[in-house]
Amino acid sequence: MGCERMKLPVIDLRNLKEDSATWESRKIEIREALQEYGCFEGRFDGIPIHLQRSILDGIKELFDLPLEIKMRNKGKIRSEGYIPQCAVSPLYQSFGIDDPLSPHKLHTFVNRLWSQGNPTFSKNIVSFSEELSEMDKLIRRMVVESLGLEKYMKEHLDSTYYVARVQKYDAPRSHEAELGVRSHSDKNIITILYPLNQVPGFEFFTKDGEWIPVQPSLNSYIVMAGESLSAWTNGRLHPPQHRVMMTGEEDRYTIALFSNPKAGYMIKAPEEMVDEEHPLLYMPFDYKRYLQFYFSQAGQTSPDALKEFCGAP
């Protein structure tokens, strides 16, 4: 008899009430999933189908713009601007939208790309980002509680801002599976990823050394811990390596919301997370400075960029 293949934990976070028995059990499930896998499939109250379809239409229009127009979307760091297709990732391109909850910044983003503006696209991105930001706060509240770090709750929740990223993966040009985006772990706090047109491709790497494909059900999201959250919990939570492998004949479109530490905020493990069994792993660090190192030649060639940047002696 063959062994059943591992599946990502599915956690239902709909209709939760704080201090209820369900709340208590769900926060333990979240902590255990992020400890063991670094990610889970989260089920939330569904975002309306008409909004999903409208966002997908707008994102397709965005990626159909000429390259010289798309290149107008520049960020202070690589992860916040337009990333074009390249030799390393020939199927992948994406746009970063800095602070998508800010009407001013979203207006600036849209007007760079559409001379007449695009109010429908702006409205949809704001609506979607608002929904995902509430999910992010819910998950992080439950993580902080599950670790017994309630006294740091306000500081933790107030220390972040959001970046949305819309992504397109072209269908492979052959009948073989092709790499959509190479293996990596996210650098931020929490990532919430939604596959807009339900085309599969996401895979995560288990601690046992196996790549596991994940295809969330409709109105479910992939939730991942980033390296910054792992560092803040002194390694208690696991930032998973993940990649996209493309097969079939249909392009893949996704949207993700990243909660990132604010510039100047020092990520430092609380003293409660450090003891004899869990010695300090990382010295306090600034997220923006870490990203600058990560995207440098030294960071890109390092087998463990975070450890090299700020590993404890």
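View 1. K168, by contrast, is buried at 10%. The two form a salt bridge, with their closest N and O atoms 3.8 Å apart. Here a salt bridge means a side-chain nitrogen of Lys or Arg within 4 Å of a carboxyl oxygen of Asp or Glu. The pair links distant parts of the chain, 83 residues apart: K168 sits in strand β5 (residues 160-169), and D251 in the loop between β11 (242-246) and β12 (252-261). Strands (E, at least two residues) are DSSP runs, numbered from the N terminus.

A word on the model: it is predicted, so local features need pLDDT of at least 70 and side-chain atom pairs count only at pLDDT 80 or more, while totals for chains, interfaces and linings use all residues. Residues are numbered from 1 along each chain as its sequence is written, and side-chain values use heavy atoms, leaving out hydrogens and water.

**View 2. R243 meets E203.** Their closest N and O atoms are 2.8 Å apart in this salt bridge. Because R243 lies in strand β11 and E203 in strand β8 (residues 202-205), the pair ties together parts 40 residues apart in sequence. E203 is buried, at 13% relative accessible area.

**View 3. E24, K27 and E145 form one network.** Salt bridges that share partners join these residues.

**View 4. K105 pairs with D98.** The closest N and O atoms of this salt bridge are 3.5 Å apart. K105 is partly exposed at 38%, and D98 is also partly exposed, at 27%.

Notes:
Buried < 20%, exposed > 50% of the residue type's maximum accessible area, 1.4 Å probe, protein only. Helix = DSSP H or I, 4+ residues; strand = E, 2+ residues; numbered from the N terminus.
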